[in-house]
Amino acid sequence: DVYFQYQSVAQKGWNKDSLYRFDIHITDTVASYNVYVNVRNRGEYPYQNLWLFLNKTTPDKIESKDSIECYLADQRGKWLGKGLGSILEMPVLYQQNVRFKKAGTYQYKIVHGMRDSVLKGINDIGMRVEKVRSK
C-alpha cells in the first residue's frame, strides 16, 4: 500500500455537511495504481447502498468531481462486507490501473450523497492506494 487511512464518523451519524479529507502523497508517476474507498458500517445502517461524492484536487490545483455507489448489502439485506462483531468493512474499487501524472499531494474530499441529513450506521470512511504489481 502506498496509502491507507481511515477517519472515524461521529457516533451520532454522518452529517450531510461533514466531509472527510485524505491527502495522498504520490512520488512514482510511472506506476499504475488501484484506488479504493473503504467503508466500515454497523448493522444499523438502514440501506443497501451508499452514494459518495468525491472531489479530487491534483498537486497543480486541478479539481475534478465524481460519484460512486457502494453496495454494502445484497438484495436480501445480507451484508457484503467482512468483519468481526458489529462492524463490517467493505473495500470499494474506485479507480483501477490509474496513473498519477504529477508527483505531489492529491487531495480527496468525500461527502455522502444520501437523502438523510444525518446518516446513521457508518463507522469510518477510508482510502487505500496500492501500486499495481506488474506480471
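I take two strands as paired if DSSP finds at least two bridges between them, and I take strands (E, at least two residues) as DSSP runs numbered from the N terminus. The model is a predicted one, where local features need pLDDT of at least 70, side-chain atom pairs count only at pLDDT 80 or more, and totals for chains, interfaces and linings use all residues. I number residues from 1 along each chain as its sequence is written, and side-chain values use heavy atoms, with hydrogens and water left out.

**Sheet.** I looked up strand S5 (residues 49–57) and found that S5 and S6 pair in the antiparallel sense over nine bridges, with Asn49 opposite Tyr71 in S6. Both strands belong to an open, antiparallel sheet of four strands in the order S3-S8-S5-S6. Its edge strands, each pairing on one side only, are S3 (20–26) and S6 (63–71).

**Aromatic pairs.** I searched the whole structure and found five aromatic pairs, counting rings of Phe, Tyr and Trp (its six-membered ring) whose centres lie within 6.5 Å, with planes under 30 degrees apart as stacked, over 60 as edge-to-face and the rest as tilted. Tyr33 and Phe100 are edge-to-face, because their ring centres are 5.2 Å apart and their planes stand at 65°. Tyr33 lies in strand S4 (residues 33–42) and Phe100 in the loop between S7 (87–98) and S8 (104–112), so the pair ties together parts 67 residues apart in sequence. Together with Tyr106, Tyr33 and Phe100 form one aromatic cluster.

**Charges over rings.** I counted NZ of Lys or CZ of Arg within 6 Å of the ring centre and within 35 degrees of the ring normal. Arg40 lies over the face of Tyr6 at 3.5 Å from the ring centre, and Arg128 lies over that of Phe4 at 5.9 Å.
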